[in-house]
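Please look over the sequence and the model that follow, and then read on for a guided walk through them.

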Amino acid sequence: MNFLAKQTNFRRFGRLIRCCSEPQVAFFKSSAKETTGKGSDDGENNQPIKYFGSGAATWTAGQSHLNPQYNTGVWYQPYVISLSLAVFLIYFCILREENDVDEKLSMSLYDRIEGLEEQQILASIQYNRGHGLSTVELEKRLEELKLEKQ
């Protein structure tokens, strides 16, 4: 890339930054006089736009995001999407057989990681002792784990 092309790209980028860093209020000014700063200082131009008195207050979300003259959807689109979703859920939740991944996901985390339950119980016992709570059940489970280990 030559120097002139780099300089042109830099100018475009700088223009983009200036454009995006300007306050958005400038885009809503009604006349060229106001944008150049040579307009009159009427109290009317400096007042905020009232939302509830305008036509925008009666718009729905669909009208705000879609152009009513340019309708891209067909009338049967919601039915096709619903049917596709229903077929997928029936297959995935009812008809599909379980595989090894499903079996691994159904395992407890304590079965997967050796010593995790013991460490969790020790931390719970320490917390309960610090806050004056009972540790009888936790100590019983800890003894069971020690017996299973042997």
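In this predicted model, Asn-128 counts as buried because its relative accessible area is 13%, which falls under the 20% cut-off for that class. Asn-128 belongs to helix H7, which spans residues 116-130, and, leaving aside residues up to four places away in sequence, Asn-128 touches Leu-133, Ser-134, Thr-135 and Leu-138. For the chain as a whole, 5% of the 150 residues count as buried.

With that residue as a starting point, the wider layout can be described. The secondary structure comes to eight helices and zero strands, so that, read along the sequence, the pattern is α-α-α-α-α-α-α-α. Among contacts between residues at least 6 apart in sequence, 19% join residues that are at least 24 apart. The chain exposes about 14200 Å², and carbon and sulfur atoms supply 58% of this area.

Helix H7 also carries a residue that takes part in a link to another helix. The side chains of Arg-129 and Glu-139 meet in a salt bridge, with a distance of 2.7 Å from N to O. Because Arg-129 lies in helix H7 and Glu-139 in helix H8, which covers residues 136-149, this pair ties together parts that are 10 residues apart in sequence. Arg-129 is exposed, at 56% relative accessibility, whereas Glu-139 is partly exposed, with a relative accessible area of 31%.

How many salt bridges does the count come to? The count comes to six, and among them is the one in which the side chains of Glu-148 and Arg-141 meet at 4.0 Å, N to O. Glu-148 is exposed at 57% relative accessibility, while Arg-141, with a relative accessible area of 28%, is partly exposed.

A pair of aromatic rings is described by the distance of the centres and the angle of the planes. The count here comes to three aromatic pairs. One of them is formed by Trp-75 and Tyr-76, which are arranged edge-to-face, with 5.3 Å from centre to centre and 85° between the planes. Trp-75 counts as exposed at 69% relative accessibility, and Tyr-76 is partly exposed, with a relative accessible area of 41%.

Phe-88 and Phe-92 form another aromatic pair, and this one is stacked, with centres 5.7 Å apart and 15° between the planes; the pair counts as stacked because planes under 30 degrees apart are placed in that class. Both residues lie in helix H4, which runs over residues 77-95, and they are four residues apart, about one turn of the helix. Phe-88 is partly exposed at 48% relative accessibility, and Phe-92 is likewise partly exposed, at 42%.

Together with Leu-85, Leu-89, Ile-90, Tyr-91, Ile-94 and Leu-95, Phe-88 and Phe-92 make a nonpolar surface patch of about 840 Å².

Conventions:
Residues numbered from 1 in each chain as written. Predicted model: local features only at pLDDT ≥ 70, side-chain atom pairs only at ≥ 80, totals over all residues. Heavy atoms only, no water. Phe/Tyr/Trp six-rings, centres within 6.5 Å; stacked < 30°, edge-to-face > 60°. Buried < 20%, exposed > 50% of the residue type's maximum accessible area, 1.4 Å probe, protein only. Helix = DSSP H or I, 4+ residues; strand = E, 2+ residues; numbered from the N terminus. Patch = residues over 30% accessible without salt bridge, like charges linked within 9 Å, V, L, I, M, F, W, Y side chains within 5 Å. Areas by Shrake-Rupley, 256 points an atom, 1.4 Å probe, with all protein chains shown as cover. Contact = heavy atoms within 4.5 Å.
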